[in-house]
Amino acid sequence: MAKRRGTIIAVVVVLVLVAIVVIRLHHGGAKKKHVASTAIPVKIAQSVVQTVPVYLDALGTVVPYRTVTVQPMITGPLKKVLFHEGQFVKRGQEIAEIDPAPYQATLDQAKAKLAQDKASLLNAALQARQYASLVAQNYTSKQQAATANATAAEDRALVKQDQAAIETDLINLGYTKIRAPISGLTGILQVNAGNIVNPNLANGIVVINTLQPISVQFSLPQQDLSQITAAMQGGAPVRLVATAEGDPQTATVLDHGTLSVLDNTVNANTGTLTLKGKFPNPKLELWPGAYVNVRTLVRSIPNAVTVPPVAVQQGPGGSFVFLVKPAAAGHKDATVVDQPITIGYETEQLVVVAKGLAAGDQVVTEGNSRLKDGAKIKIVTAPKADAA
């Protein structure tokens with residue numbers, strides 16, 4: 001009896017185990033079937049046709065458009081300073097004065113000397129005419145007439161010399177009023193009123209910089225020479241963009257300008273080209289000595305097919321994208337295919353596809369890592385915040 005009961009229990013256990021195995025196999029197959037038929041959720045983007053600008057990026061230094069160290073032209077005590085440090089001044093504006101008294105006295109002396117020599121010239125000219133008349137009547141010798149003419153000529157030369165001295169003294173007197181040679185912003189005053197100044201001051205009186213417009217000097221590799229010269233020969237000014245430090249493609253734009261000059265020599269030590277651009281600088285956001293990014297627009301690509309950079313994948317055969325294929329008749333899920341592409345130009349914002357895509361093609365931008373050629377996909381609409 002006990003033996004029969006043990007047999008029955010063993011049979012029941014075996015049946016239970018078989019049932020469990022059958023159930024598991026059934027659910028496993030269903031699960032595999034479900035996984036195999038599940039579409040992978042992805043986000044997509046549409047290729048866009050647009051004109052894409054091509055920039056060459058470089059780090060530049062802001063320099064004044066013009067800079068002048070104001071030097072006195074004569075020696076004397078600095079009597080007045082007529083500007084304050086950091087003031088904008090206009091060309092021709094009086095900014096300082098040297099004591100004019102000694103130079104006025106010298107001018108007065110030269111004028112008096114001129115008057116004296118003119119009187120002497122008048123007398124010498126009269127005597128020369130008289131001797132010429134006497135010689136004609138044989139009342140005096142030709143030697144005396146020649147001497148009188150020479151004296152008149154000498155006095156005439158003295159008068160011209162006095163006139164030149166007066167002009168020099170007038171110039172020196174004018175130099176006592178120091179005027180701004182250019183319009184711009186003054187820096188730190190180097191000499192205070194009361195000091196004796198002269199034309200050999202080490203730092204001058206003040207430095208004036210023109211900030212509107214302003215220049216930015218930068219360098220590019222010599223390999224870019226062909227692109228730069230082609231842009232310069234296009235007829236229109238080569239456009240520049242100055243941005244704050246950081247990624248030039250996303251940094252804050254400070255000003256727009258144009259290329260002023262390409263230096264006539266390649267720097268043999270660095271293998272670079274030196275260029276300078278001109279910027280209007282209306283908000284004074286460009287300041288001499290500061291570092292900025294300079295973007296040089298060398299050309300534009302018209303009718304370029306573009307996609308987001310996240311859509312581009314790299315494989316053994318090169319660059320490719322997962323191109324979305326609409327669902328076939330009788331199927332509800334779209335699929336993807338590996339589409340090889342040729343990249344023409346790329347930035348952090350877009351990739352120009354030179355070959356492999358057409359306008360309006362849809363490509364996968366998120367979920368690429370789970371895809372393979374022919375995989376089924378489910379397109380997920382991006383939330384509004386993501387779209388923004």
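User: Is Asn 303 buried or exposed?

Analyst: This is a predicted model, in which local features need pLDDT of at least 70 and side-chain atom pairs count only at pLDDT 80 or more, while totals for chains, interfaces and linings use all residues. Residues are numbered from 1 along each chain as its sequence is written, and side-chain values use heavy atoms, with hydrogens and water left out. Buried means under 20% relative accessible area, exposed over 50%, and partly exposed in between (1.4 Å probe, protein chains only). Because the relative accessible area of Asn 303 is 63%, this residue is exposed.

User: Where is Asn 281 found, and is this residue buried or exposed?

Analyst: Helices (H or I, at least four residues) and strands (E, at least two) are DSSP runs, numbered from the N terminus. Asn 281 is found in the loop between β12 and β13. Its phi is near 55°, a positive value in a residue other than glycine. With a relative accessible area of 1%, Asn 281 is buried.

User: Which residues of the largest nonpolar core touch the most other members?

Analyst: A nonpolar core is a set of buried Ala, Val, Leu, Ile, Met, Phe, Trp, Tyr and Cys residues joined through side-chain atoms within 4.5 Å. The largest one has 31 residues, and the elements that give two or more residues to this core include β9 (206-221), α4 (225-232) and β13 (291-307). The members that touch the most others are Phe 218, Ile 228, Leu 275 and Leu 286.

User: How many residues are in the other core, the one that lies apart from it?

Analyst: Among the members of that other core are Leu 78, Ile 95, Val 159 and Ile 208. The core has 26 residues.

User: What is the omega of the cis peptide bond between Gln 212 and Pro 213?

Analyst: Pro 213 has its place in strand β9. The cis bond joins this proline to Gln 212, and omega is about 5°.

User: Which residues of α3 are buried?

Analyst: Helix α3 (residues 142-175) has 34 residues and reaches 50 Å from its first C-alpha to its last, close to the 50 Å expected at 1.5 Å a residue. That expected span is 1.5 Å times one less than the number of residues. An α-helix has 3.6 residues a turn, so residues three or four places apart point the same way. In α3 the buried residues are Ala 145, Ala 148, Ala 152, Asp 155, Val 159, Asp 162, Ile 166, Asp 169 and Leu 173.
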